[in-house]
Every structure is written in structure tokens, then in C-alpha cells.
Amino acid sequence: MRMGFRWYGEGNDSVSLKQIKQIPGVETIVWALHDMQAGEEWPMEKILEVKQQAEHYGFTIDVVESVNVHEDIKLGLLSRDRYIENYKRTIEKLSRAGVKVICYNFMPVFDWIRTDLYKELEDGSTALFYEKSKVDNIDPIELVNKIANNPDYTMPGWEPGRLENLTKLFDAYKGVTEEDLFQHLRYFLEGIIPVCEENDIKMAIHPDDPPWPIFGLPRIITNQANIKRVLKLVDSPYNGVTLCSGSLGSNPSNNLVNMVKEFAGRIPFAHVRNIKVYENGDFIETSHRGQDGTVDIVGIMKAYHENGFNGYIRPDHGRHIWDEKCRPGYGLYDRALGIMYLLGIWDSLGRQLPLTYESIIH
Ligand code: DNO
Ligand code: MN
């Protein structure tokens, strides 16, 4: 298992590489060029700039999250081929820079959705919260405007460029079914996986968050059966999943331990985080500790260990604690606590030797 930490880049993150360096066990940053639009080919100079910054602190840049997929690909439009070509070129460049895994998602229009970014938990910290009835009853355009007008943050999937076209996009998705989405994903994978095989880059699809249709838009990366189907669309070890326990865990009928067992070998990247799901379908993000939420974090880590997991892993969203000002869900403190918890479980499952006295004498 190799530990990673998501970093939004110089000038774009409240957390510095210097700080990340002081979290035990982190080997790679999980990064992206966040100013690139979906569908654009990534420039090599910008990739190498991040590589240089990371290597200065001894990190690799093995995991990219995400290279976003253009909506025309998800919609299955004729123009998709151009964007698939760009995607292939980006894969080749990332491979040349040393990248091993690309995380991406196939959610129409939006990435993750929450109704409150700073909901107070019992301990006085705040965290991302999803109120089901609110999303079920809200006008999506109204919600998006509210978020777009708050200059304090951007979220993946909520970049201004994407928000402008929202009404048009909703129209374009009218009549697009789940089955259509599967077929569009197949077409995309058939295009890129041979390039991944040649360039030794594993694709890892992130589950939909939350894992059910929202605003009348279809969502397919939602449960065990559907993930199994995605892995078979192109049955190659280079077509994998980012198994995100928090996203999938917000539907209590998803059994994450079973998924780790079934998909072992096809999980190049794991997101491990906890959430607390309420009976009415609401959920709140909690600390990573198993007892604090409804996701079986210890069981999941054990299942990874038993199945010889040697992929990348990262803590996912954290709470906002100790008055930290940061991107919602992406502060330093709670994610660092999350790492120590995950490493604590992991190290207790195998024999971890302390340093020898000889090894510390120079
Ligand atoms: C939620 C997060 C997501 C993820 C993207 C991947 O669990 O991990 O925002 O980064 O969906 O494309
Ligand atoms: Mn995730």
C-alpha cells in the first residue's frame, strides 16, 4: 500500500508540500492541473512543473485526480472523438512524467454534491453535509447560482466555465438513460485503454457521489453490480476503480468489505473515509475513525490487507477542525489524523519492524 495526499497545487491550496512532508507515511501527492478545462490536452511544461515541486520534497506524482471527461463523451456526441484523442495525448504525457494512475469520474454535469459545507458536528467541528429532501426538492439552477456566487471556494465539477452552460447541459441530457451512459463509457474506455496498456497507466473510475441519480440526471457508478459491469466493459487490468468508501457508503445497502474482496486486483487507488448516514437518507462526513460513522473502516482496511492490496490509498474529505481555514473537506489537520488512523490499522495487521540502531548511525 502506498499512501497519498491530495494537493491542489501551488497557490491553489491552503496546505503546503512542506506541511504534507511532515505527515508520516505519505509517498505521493494526488494532484491535477486544476486550471485545465475538461477535454483539453495537458501541456507537458505544466506537468513537469508539478513534478519538480513534488520531487523537491521527495514525493512522487504517481496519482492524478482527476483528468476530467468532457461532457460530449458522456453524452455520446459525435464531437467526442476529438476529446478522446486529447485524453489519449494527456495519458501519454502523464506516463512520460512517471504517473501510474489516473482517477476520473463519469458523473453527468456535477461532481460531488452537498447541501451544507460547514455543518456543525457534536464536537464543534464542521463538515460536509447532504440533506436528501433539500436536493430532492431544489431547483438545481438555483443551487448552482448560490455556489457560483460564493467567491471563497471552487469545487471539482463546479468551475465557472462549466456552470455557465448549465441550462444547455440539462437539456442535452434529456432522454439520456443509464444504459446510454454505460454505452458511452464503453466507447470511451475502448478508445483509451489500449493507450493505457502501452503507457502503463491505470484508469480508476471514481464512484458517483452520492451514488444515486440527482436532479433527474442518470448516475451509474453506484453499486457493486454496476462497478462489476464497468470493469467488464473492457476487461483489462488497466480499467480499474477508485474504490471510495465515503461515496459508496452513503447508500447503506452497499457493502464495501465485499467490494474490496470482489474487486481486489482492479483497485489501483482507494479513497478511505467515513460518513454517518441517517435513516432519512441524510449523511454527514465524520472523522475517519470507524466508531464515528456508519462505514466499517477497520473491516475495509483488513479486507485490503488480506487481499494483498499494493495500490495507492488516500484519506478523503476531512472535517474542519482547530479553526483551520481551508477548502471544504480538504484541510490539513483532519486528513492527517485520518492518515495516522489508517496507517495504525494497517501496521497492526502485519509485522512492522522498528528502525535498527545500525541503520540510524551515519
Ligand atoms: C469524493 C471525491 C471526489 C473525487 C472526484 C474524482 O469522494 O473524492 O471529488 O475527487 O469525483 O473524479
Ligand atoms: Mn472519494
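Predicted model: local features only at pLDDT ≥ 70, side-chain atom pairs only at ≥ 80, totals over all residues.
Trainee: How does H9 pass H10, in a left-handed or a right-handed crossing?
Mentor: H9 crosses H10 right-handed. Residues are numbered from 1 along each chain as its sequence is written, while chains are lettered from A and ligands numbered from 1 in the order in which they are written.

Trainee: At what angle do H9 and H10 pack?
Mentor: About 35 degrees, and the axes of H9 and H10 are 9 Å apart. Axes are lines fitted to C-alpha atoms, for helices over the stretch in contact, with angles from 0 to 180 degrees between N-to-C directions.

Trainee: Which residues of H9 and H10 meet?
Mentor: H9 brings Phe 182, Leu 185, Arg 186 and Leu 189; H10 brings Arg 229, Val 230 and Leu 233. Contact means C-beta atoms, placed from the backbone, within 7 Å. By class, the H9 contact with H10 has 5 nonpolar and 2 charged residues, with no polar ones. Nonpolar covers Ala, Val, Leu, Ile, Met, Phe, Trp, Tyr, Cys and Pro; charged covers Asp, Glu, Lys and Arg; the others, Gly among them, are polar.

Trainee: And H10 with H12, what angle there?
Mentor: H10 (residues 224-233) and H12 (residues 256-263) pack at about 20 degrees, axes 11 Å apart. That makes H10 roughly parallel to H12. The cut-offs: under 35 degrees is roughly parallel, over 145 roughly antiparallel, 65 to 115 roughly perpendicular, and the rest oblique. The H10 and H12 crossing is right-handed.

Trainee: Which residues in H10 and H12 touch?
Mentor: Gln 224, Ile 227 and Leu 231 from H10 meet Asn 258, Met 259, Glu 262 and Phe 263 from H12. The H10 contact with H12 splits into 4 nonpolar, 2 polar and 1 charged.

Trainee: How far apart are the axes of H13 and H14?
Mentor: They are 10 Å apart, and H13 (residues 297-306) packs on H14 (residues 333-349) at about 45 degrees. H13 and H14 are therefore oblique to each other. H13 passes H14 right-handed. Val 298, Met 301, Lys 302 and His 305 of H13 make the contact with Leu 342, Ile 345, Trp 346 and Leu 349 of H14. Here the classes are 6 nonpolar, 1 polar and 1 charged.

Trainee: Switching topic. How many residues surround ligand 1?
Mentor: Ligand 1 has 15 around it, the closest being Ser 66, Asn 105, Trp 112, His 206 and Ser 247. Strand S4 (101-105) and helix H11 (245-249) are the elements that give two or more residues to that shell. S4 has the largest share, 3 residues. Near means a C-beta atom, placed from the backbone, within 6 Å of the molecule. The ligand 1 shell has 5 nonpolar, 6 polar and 4 charged residues.

Trainee: Where is Ser 66?
Mentor: In the loop between strand S3 (60-65) and helix H3 (71-75). The peptide bond joining Glu 65 and Ser 66 is cis, omega about 0 degrees.

Trainee: Which bond into Pro 210 is cis?
Mentor: The one from Asp 209, with omega near -5 degrees. Pro 210 is in the loop between strand S7 (202-206) and H10.

Trainee: What phi does Asp 200 have?
Mentor: A positive one, about 55 degrees, although Asp 200 is not a glycine. Asp 200 lies between helix H9 (178-199) and S7, in the loop. Most residues other than glycine have a negative phi, and most peptide bonds are trans.

Trainee: How many helices and strands overall?
Mentor: The chain has 14 helices and 12 strands. These are DSSP runs numbered from the N terminus: helices are H or I, at least four residues, and strands E, at least two.

Definitions and conventions
Left-handed = near helix turned anticlockwise from the far one by under 90°. Contact = placed C-beta atoms within 7 Å.
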